[in-house]
Amino acid sequence: MISDPWVFAISYEELIEGTFHPVYPKGLNVLLAKLDDQIYAVINKCAHMACTLSSGTLNGSIVTCACHDWRYDLKDGSFIDTAEIRLRTFNTKKEDDNIYILLEGAS
Ligand code: FES
């Protein structure tokens, strides 16, 4: 049996514009953000010492980790201060007023 790689994350209305929200599709800790009506998804774990990014602050598309102030762009997972570090990102889709995350083949 082949399982659907798109996994329900949250209702579209529950995710407030300009904010982020942790979700747990299939137990994976993912940070979702709605920015300019676009949905972005990254792993909710800082690449430094694994603090949850949802404990940090959001300024535009930039999330600042609460532990030691590392900063990432939620639009592509990039670390602001060097190109070598990038958060795992996930494709998302909106369907029937819900947001789904593609877990299969995630980068
Ligand atoms: S754990 Fe995020 S900056 Fe250190």
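C65 is buried in this predicted model, with a relative accessibility of 2%. C46 is likewise buried, at a relative accessible area of 5%.

**Cysteines and the disulfide**

The structure contains 1 disulfide. The bond joins C51 and C67, whose sulfur atoms lie 1.8 Å apart. The torsion about the S-S bond is -95 degrees, and the link of C51 and C67 is therefore described as left-handed. C51 belongs to the loop between strand 4 (38–43) and strand 5 (57–59), while C67 belongs to the loop between strand 6 (62–64) and strand 7 (71–73), so the bond ties together parts that are 16 residues apart in sequence. The two partners fall into separate accessibility classes: C51 is buried at 19%, whereas C67 is partly exposed at 36%.

| Residue | Relative accessibility | Class |
|---|---|---|
| C46 | 5% | buried |
| C51 | 19% | buried |
| C65 | 2% | buried |
| C67 | 36% | partly exposed |
| F8 | 44% | partly exposed |
| Y72 | 0% | buried |
| F79 | 9% | buried |
| Y100 | 18% | buried |

**Aromatic rings**

There are 3 aromatic pairs in the structure. One of them, F8 with Y100, is edge-to-face, with 6.0 Å between the centres and 75 degrees between the planes. This pair links distant parts of the chain: F8 is in strand 1 (residues 6–11) and Y100 in strand 10 (residues 98–102), 92 residues apart. F8 is partly exposed at 44% relative accessibility, and Y100 is buried at 18%.

Y72 and F79 form a tilted pair, because their ring centres are 5.5 Å apart and their planes meet at 55 degrees. Y72 is buried, with a relative accessible area of 0%, and F79 is buried as well, at 9%. Together with W70, the residues Y72 and F79 make up one aromatic cluster.

**Lysines over Y12**

What lies over the face of Y12 at 3.7 Å from the ring centre? The residue is K34. K94 also places its charged end over the ring of Y12, at 4.3 Å from the centre.

**Overall architecture**

The secondary structure consists of 0 helices and 10 strands. Along the sequence, the pattern reads β-β-β-β-β-β-β-β-β-β. The C-alpha atoms occupy a box of roughly 40 × 30 × 20 Å along the principal axes. The radius of gyration is 13 Å, which agrees with the value near 13 Å for a compact globule of 107 residues.

Of the 107 residues, 40% count as buried. The protein exposes about 6100 Å², and carbon and sulfur atoms supply 48% of that area. Among contacts with a separation of 6 or more, residues 24 or more positions apart account for 39%.

The pairing of F8 with Y100 connects strand 1 with strand 10, and K34 and K94 are placed over the ring of Y12.

Conventions: Residues are numbered from 1 along each chain as its sequence is written. This is a predicted model: local features need pLDDT of at least 70, side-chain atom pairs count only at pLDDT 80 or more; totals for chains, interfaces and linings use all residues. Side-chain values use heavy atoms; hydrogens and water are left out. Rings of Phe, Tyr and Trp (its six-membered ring) pair if their centres lie within 6.5 Å; planes under 30 degrees apart count as stacked, over 60 as edge-to-face and the rest as tilted. Helices (H or I, at least four residues) and strands (E, at least two) are DSSP runs, numbered from the N terminus. Buried means under 20% relative accessible area, exposed over 50%, partly exposed in between (1.4 Å probe, protein chains only). A charge sits over a ring if NZ of Lys or CZ of Arg is within 6 Å of the ring centre and within 35 degrees of the ring normal. The radius of gyration is taken over C-alpha atoms; the globule rule is 2.2 Å times the number of residues to the power 0.38. Contact means heavy atoms within 4.5 Å. Accessible areas come from the Shrake-Rupley method with a 1.4 Å probe; for residues, only the protein chains shown count as cover. A disulfide is a pair of cysteine sulfur atoms within 2.5 Å.
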